[in-house]
Amino acid sequence: MHSVYRSVLNRDVKFAEPGEFAPVSIGGLSVWPPVVLAPMAGVTNYPFRFICKEFGAGLFVSEMINARPLVEGSDKTIRLADFGPGELPRSLQLYGTDPYYVAEAVKRLVNEGRVDHLDMNFGCPVPKVTRRGGGAAIPLKPSLLRNIVRAAVQNAQAVPVTIKFRMGINLEYLTFLTAGRVAEDEGCAAVGLHARTAAQLYHGHASWDAIAELKQAVKIPVLGNGDIWEAEDALRMMRQTRCDGVIVGRGCLGRPWLFRDLADVFNGREPLDPPKFEVVLEIMFRHARILADWFGERLAMHSFRRHASWYTKGFRVSSNIRAALMRVERVCQLEQLFSDVDRSQPFPPSAMRVVRGKATGTQKVSLPAGYLDNIEDDAPLAGSDEDAGDGG
């Protein structure tokens, strides 16, 4: 009998057979199950990584850190680049548009013993990033991409470097195969492909066929990203594309137990049903408390408001409570809001695949004036990394 929590897409998915999948090797790291938490701006800080890791193993990557302010000694950036006590492996995503700053940032991180894995961001579609020639715009210029990747790899010593990118800026300018080959040529340990274009943002369905095409084109491990809402989606992606592992983003927002489910299906077990509202609230409150301890209560609770909306998605909660969530300033206020709700509610099956996080919709990608006139140009644009921010 099919579980009510298995969507039509996954009704006939068989859990992993013994030996069907292997740990994904990223340099000296062996990742099992072959699951990576996607770097997400303002989300994948230490408290969220800690909560997710409690539910299952894998690789848990920090939010994006900008190379230039790290080199220049920005206190905020150094704080964002911190890991929690005992957190291993320490996986950090680095953003940079200038090989000099990337090289210096990697030297600092590696020489100070701060990281065990570095991921490079070449997929950010945010207009404030691409209009300055950063993020998803960089693979349009393969020589510049190569110089940045080389700067990272050559200064990383024994720390493995991976890069993450999209299919391209739009369907007219697809760059994912070039990016994958550059990564392989320059000694990257693996690549991650979000199988959408920058113009798609998070809209529609990810093109898993592109992941399969990339897997055929390179010999290093390929991690697939896009539309992992249920644990069984990961099995379908890996069987369909032959990729080596999956990257999980929006599917775990407000549902960190997805990593428990992923561990189960990769080990041949049927996942448990999602927790009832009482347990969800316990997880949510604990997440809020850890975040408050890490960042300070006021800053943490402003950041946590969207997490609260993700945790409570689909449950019967009054409009007054939902409105009040957007004004919460303290953890005790958050807890008080739910003092009279029905905590016995089962997890709503309709919320299993509901979109969380980034809004849907498409965009025309913003690029610097004349950016496509000379794609062989390898010079970073002046000021291209100044407005990217951290976690942007």
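1. Ground rules. The model is predicted, so local features need pLDDT of at least 70 and side-chain atom pairs count only at pLDDT 80 or more, while totals for chains, interfaces and linings use all residues. Residues are numbered from 1 along each chain as its sequence is written, and side-chain values use heavy atoms, with hydrogens and water left out.

2. Cysteines. How many disulfides does the structure hold? The count is 0, a disulfide being a pair of cysteine sulfur atoms within 2.5 Å. For C52, the nearest cysteine sulfur is that of C252, 4.7 Å away. C243 is too far for a bond, because its sulfur lies 17 Å from the closest cysteine sulfur, in C252.

3. Burial of those cysteines. C52 has a relative accessible area of 0% and is buried; C243, at 5%, is buried too. (Buried is under 20% relative accessible area, exposed over 50%, partly exposed in between, with a 1.4 Å probe and protein chains only.)

4. Strand β11. This strand covers residues 222-225. (Helices, H or I of at least four residues, and strands, E of at least two, are DSSP runs numbered from the N terminus.) V222 and G224 point one way, L223 and N225 point the other way, and all are buried. In a regular strand, side chains alternate between the two faces of the sheet.

5. Its neighbours. Strand β10 (residues 190-194) runs parallel to β11, joined by 4 bridges, and G192 stands opposite L223. The chain gets from β10 to β11 through helix α8 (residues 208-217), in a right-handed β-α-β crossover. With strand β12 (residues 245-248), β11 pairs in the parallel sense over 3 bridges, and G224 has V246 as its bridge partner. Helix α9 (residues 231-241) carries the chain from β11 to β12, again as a right-handed β-α-β crossover. (Strands pair if DSSP finds at least two bridges between them; right-handed means that, with the strands pointing away from the viewer, the path from the first strand over the helix to the second runs clockwise.)

6. (On a 1 Å grid over the protein atoms alone, a cavity is a set of points where a 1.4 Å probe fits but cannot get out; a pocket is an open set with protein on both sides within 12 Å along at least five of seven lines; lining residues have an atom within 4 Å of a point. Points are joined across faces, edges and corners, and volume is the space filled by probe spheres set on them.) The largest cavity holds about 80 Å³, and its lining includes G192 and L223. β4 (59-66), β6 (117-122) and β7 (161-166) each supply at least two lining residues.

7. Second largest cavity. This one holds about 40 Å³. Among its lining residues are E63, L80 and F295, and α1 (46-55), α3 and α11 each give two or more residues.

8. Second largest pocket. Its volume is about 250 Å³. Of its 13 lining residues, E63, L80, F295, L299 and S303 lie nearest the centre. Two or more residues each come from α3 (75-80), α11 (277-295) and α12 (297-311). Which element gives the largest share of this lining? That is α12, with 4 residues.
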